[in-house]
Amino acid sequence: ARDADGRPMAAVESFLALYLPKIGGGTTNVSIRGIEPMSITIQGDHFELIEGRLPTPGADEIIVGRGVRNRIVNTDLGDTLEINVTPFKVVGIFEHDGAYGSEIWGDVDRFCAALERPLKQRVIARIRPGIDVEAVAEELEGDKRAAAKAMTEKVYLESQRTALGLILAILANFLSAIMGLAALLGAATTMLASVGSRTREVGILRSLGFEPRSIFTAFFFESVLIGLSGGILGALLVLPFDGIETGTMNFQTFTEVIFAFRVTPELLLQGTIIATLLGAFGGVVPSLIASGKEPTEALRRH
């Protein structure tokens, strides 16, 4: 693809990790990316400079992701970050809605010189609409002059998070199962206690001619309301966590990945529905017990 001036939308980049101290103690690997001016253009609307300015090509200047600024020492606007033995001035803070928000960017040639690693590992480019990406990748990989592995950015990023994604998925499912079981038992215990304390009430209703299914429906509906109320309360309690940022180590790249918690309407609705279903399941057995009581037995046990 070409930009507004007709220049090819392609840039050569380098990618390395730097061991840096974290705010509050400890150290971690932070991704640093050597870029060319076209790298910014290629990112398009995904990239937004929120403070300062872009680095001058050929200068010892860097811009840092907003998440990095909040977690790493000497990465605020105007600070000086030493890379190897070369001081780089932070001239801008940027936001990116993808993985790049966890990185530090600077001129590719200055990074290579400062780290004494004259390696440029990749070329990023925008492909014109309608181009067969798989055909382009096959052509590049089979080129004997400079064979290169080519893939879309989505495929590349997915390949970099396989291990971390699996660990987080296992942890999330395990915690969800434990908390779901606790909620189910809690609903069942609450309803059993309710049935036990209202035995005489059940006996009176049965004596007045109420059918067992009516008793079952009443207690079951109460259990559903308990689950729904818990779901709504949980949704309200989780709202303050929306946007809170944290970070963890990517076990494939051994670099810091900074991400934010997102509380979306879809997640809130999903959580409320699950809580309601757990309340319903937990109320089945107590409702059956209540509906199975005979009038004389219920009145005698009060």
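## Cores, rings and helix packing in a predicted model

Phe 47 and Trp 105 are both buried (under 20% relative accessible area; exposed is over 50%, and partly exposed lies in between, using a 1.4 Å probe and protein chains only). This is a predicted model, so local features need pLDDT of at least 70 and side-chain atom pairs count only at pLDDT 80 or more, while totals for chains, interfaces and linings use all residues. Residues are numbered from 1 along each chain as its sequence is written, and side-chain values use heavy atoms, with hydrogens and water left out. Helices (H or I, at least four residues) and strands (E, at least two) are DSSP runs, numbered from the N terminus.

**Aromatic rings**

- The structure has 6 aromatic pairs, a pair being rings of Phe, Tyr or Trp (its six-membered ring) with centres within 6.5 Å; planes under 30 degrees apart are stacked, over 60 edge-to-face, and the rest tilted.
- Take Phe 47 and Trp 105: their ring centres are 5.6 Å apart and the planes sit at 10 degrees, so this pair counts as stacked.
- Phe 47 belongs to strand S3 (residues 47–52) and Trp 105 to strand S7 (residues 103–107), so the pair ties together parts that are 58 residues apart in sequence.

**Nonpolar cores**

- What does the largest nonpolar core hold? It has 19 residues, and those with the most contacts inside it are Leu 20, Ile 32, Ile 62, Ile 83 and Ile 104. (A core here is a set of buried Ala, Val, Leu, Ile, Met, Phe, Trp, Tyr and Cys residues joined through side-chain atoms within 4.5 Å.)
- Two or more residues each come from strands S1 (10–21), S2 (27–35), S4 (61–65), S5 (80–83) and S6 (86–96), and from helix H3 (108–114).
- There's a second, separate core of 8 residues, and Phe 47, Phe 94, Tyr 100 and Trp 105 are among them.
- Ile 32 is in contact (heavy atoms within 4.5 Å) with Ser 14, Phe 15, Leu 16, Leu 18, Ile 104, Phe 111 and Leu 115, leaving out residues up to four places away in sequence.
- Ile 104 sits in strand S7 and is buried, at 0% relative accessible area.
- With residues up to four places away again set aside, the partners of Ile 104 include Leu 20, Ile 32, Ile 62, Val 68, Leu 81 and Phe 111.
- From Ile 104 to Phe 94, 10 residues apart along the chain, the C-alpha separation is 9.5 Å.

- Thr 199, Val 202, Gly 203 and Arg 206 are the buried residues to look at in helix H7 (residues 199–207).
- These residues cover an arc of only 100 degrees around the axis, which puts them on the same side of H7; the arc is taken from the directions from the helix axis to the C-beta atoms.
- As background, an α-helix has 3.6 residues a turn, so residues three or four places apart point the same way.
- H7 packs with helix H8 (residues 212–238) at about 140 degrees, and the axes are 10 Å apart. (Axes are lines fitted to C-alpha atoms, for helices over the stretch in contact, with angles running from 0 to 180 degrees between N-to-C directions.)
- On the H7 side the contact is made by Val 202, Leu 205 and Arg 206, and on the H8 side by Pro 212, Ile 215 and Phe 219.
- Just after H7, Gly 209 takes a positive phi of about 105 degrees.

- Most residues other than glycine have a negative phi.
- Asn 74 has a positive phi, near 60 degrees; it lies in the loop between helix H2 (66–69) and S5, and is partly exposed at 40% relative accessible area.
- Glu 116 also has a positive phi, about 55 degrees; its loop runs between H3 and strand S8 (122–125), and the residue is exposed at 65% relative accessibility.

- Ala 182 is in helix H6 and is partly exposed, at 48%; its C-alpha is 9.8 Å from that of Leu 278, 96 residues away along the chain.
- Ala 183 lies in H6 (residues 162–197) and is partly exposed at 36%; Gly 230, 47 residues away in sequence, is 9.3 Å away, C-alpha to C-alpha.
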